[in-house]
Amino acid sequence: MVNKVSEKTKIPYKIYLDEQEIPSAWYNLRADMKNKPAPLLNPGTLQPMTAEELKGVFCDELVAQELDDVNAYIPIPEEIQSFYKMYRPSPLVRAYCLEEKLQTPARIYYKFEGNNTSGSHKLNSAIAQAYYAKKQGLKGVTTETGAGQWGTALSMACSYFGLDCLVYMVKVSYEQKPFRREVMRTYRATVTPSPSTTTEIGRKILAEHPGTTGSLGCAISEAVEAEATREGYRYVLGSVLNQVLLHQTVIGLETKTALDKYNIVPDIIIGCAGGGSNLGGLISPFAGEILRGEKKYRIIAVEPASCPSFTRGVFAYDFCDTGKVCPLAKMYTLGSGFIPSANHAGGLRYHGMSPVLSQLYHDGIIEATSVEQTAVFQAAVEFARVEGILPAPESSHAIRVAIDEALKCKETGEEKTIVFGLTGTGYFDMVAYEKYNNGEMSDYIPTDEDLKPGFDAIPRFPGNEF
């Protein structure tokens with residue numbers, strides 16, 4: 001067993017960076033990818049979306065970032081850097097107490113992104129997207145949110161820049177997480193449960209699926225329609241898109257700088273995977289080293305067994321939303337009509353996965369696994385009791401696999417270094433914790449028959465066979 005006491009004199013519990021070490025540029029992983037993510041397609045023409053077409057939905061500068069496959073580094077504007085300094089750099093923490101509890105020779109580190117008012121990593125992109133909207137002279141933005149982390153972050157960013165913020169929140173989360181909703185309203189956002197009767201698409205979905213608890217795909221459709229019917233507004237997204245993963249690379253860049261300070265080389269890097277923002281942000285600098293042939297790491301994406309887009313989805317062009325009004329993206333998908341079970345706790349409920357991460361997974365650069373939610377909450381509780389942070393359910397997927405990998409090291413005696421992303425805190429997720437603590441939480445794994453309708457609805461056209 002490794003002498004943890006002597007290590008503590010060399011490597012502190014928390015590795016903090018100086019303000020000057022906050023990244024001044026985002027890292028664009030696509031510049032180093034030999035197999036670039038497939039372009040977004042216009043669903044009407046099946047041709048790649050042009051910048052002009054995308055500018056009708058997204059802010060101009062964000063469109064440029066979305067389409068950039070060439071520049072490895074994109075400068076972060078000074079105004080965004082200044083905002084980052086309010087809560088960044090975030091700490092890289094050595095989980096000594098968890099290691100001791102597990103009696104593992106593994107070294108476990110986690111990058112903690114919950115030390116801001118929004119409670120998660122989502123603020124890294126929210127402030128950037130709000131900045132570009134303000135710079136363009138827009139009145140406001142529309143968006144969707146699942147568990148509420150993105151909506152909270154965006155409402156905070158919009159309040160900072162004096163922008164209107166319209167949030168369509170997945171209905172089951174809207175009902176289960178009233179306090180997350182109230183934080184958004186405190187920052188002057190308008191929050192609507194989705195699907196709703198306020199949009200044509202929402203009414204259509206409710207007519208076809210009475211009593212539905214909603215999905216991110218539904219909420220995206222409503223947010224896009226709301227943007228299209230309001231002059232001076234643009235739609236913004238908290239995950240999946242290239243631009244969002246770009247902004248989130250501050251996580252991975254800081255992580256790498258902190259590890260390099262103490263000559264720490266990770267063996268395994270783990271992140272939860274829903275749409276891909278946290279995972280992509282954490283792993284991008286490390287995946288870049290793999291792609292350039294400089295280093296080798298094992299990168300694991302962890303998703304819920306109840307929404308297994310990586311592990312059971314197909315790699316194909318599919319609609320990004322349930323209403324089928326958004327562009328087609330080539331990604332691992334369960335079908336745009338897939339709606340997770342109502343017993344699914346937390347976020348990570350999107351039917352597809354980031355095109356960037358999907359391509360990396362398809363090429364074997366990263367691997368993926370799925371975990372059941374009772375096992376996830378068991379890991380969350382164990383982590384909270386020894387590390388002193390109540391983790392978000394999303395983050396706890398990564399904790400589950402980090403613990404599993406550390407226990408494997410205990411069996412083999414290997415002294416591997418494990419790094420995972422702790423995306424945020426779980427203080428707005430107490431309904432789920434209550435169900436777990438009361439023994440009322442159950443697991444749901446969709447059958448092949450459950451998944452078939454989603455796959456059947458994926459558009460078929462030449463080149464989109466799967």
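1. A salt bridge here is a side-chain nitrogen of Lys or Arg within 4 Å of a carboxyl oxygen of Asp or Glu. The model is predicted, and the side chains of D448 and R312 meet in such a bridge, at 2.9 Å from N to O. D448 belongs to helix α19 (residues 448–456) and R312 to helix α14 (residues 309–312), so the pair ties together parts 136 residues apart in sequence. D448 is exposed, at 62% relative accessibility; R312 is partly exposed, at 26%.

2. The count of salt bridges comes to 25. One of them joins D429 and K177, with the closest N and O atoms 2.4 Å apart. This pair links distant parts of the chain, 252 residues apart: D429 sits in the loop between β15 (417–422) and α18 (430–437), and K177 in the loop between α8 (171–176) and α9 (178–186). Both D429 and K177 are buried.

3. E289 and K295 also form a salt bridge, at 3.6 Å between the closest N and O atoms. E289 is buried, with 6% relative accessibility, whereas K295 is partly exposed, with 34%. Separately, a network of salt bridges links R88, K111, E113 and E254.

4. The buried residues of α11 pack against β6 (140–145), β7 (164–170), β8 (190–194), α10 (200–208) and β9 (233–235).

5. The model has 0 disulfides. The sulfur of C59 is 9.7 Å from the closest cysteine sulfur, in C158, too far for a bond. C59 is buried, at 1% relative accessibility.

Definitions and conventions: Residues numbered from 1 in each chain as written. Predicted model: local features only at pLDDT ≥ 70, side-chain atom pairs only at ≥ 80, totals over all residues. Heavy atoms only, no water. Disulfide = S-S within 2.5 Å. Buried < 20%, exposed > 50% of the residue type's maximum accessible area, 1.4 Å probe, protein only. Contact = heavy atoms within 4.5 Å. Helix = DSSP H or I, 4+ residues; strand = E, 2+ residues; numbered from the N terminus.
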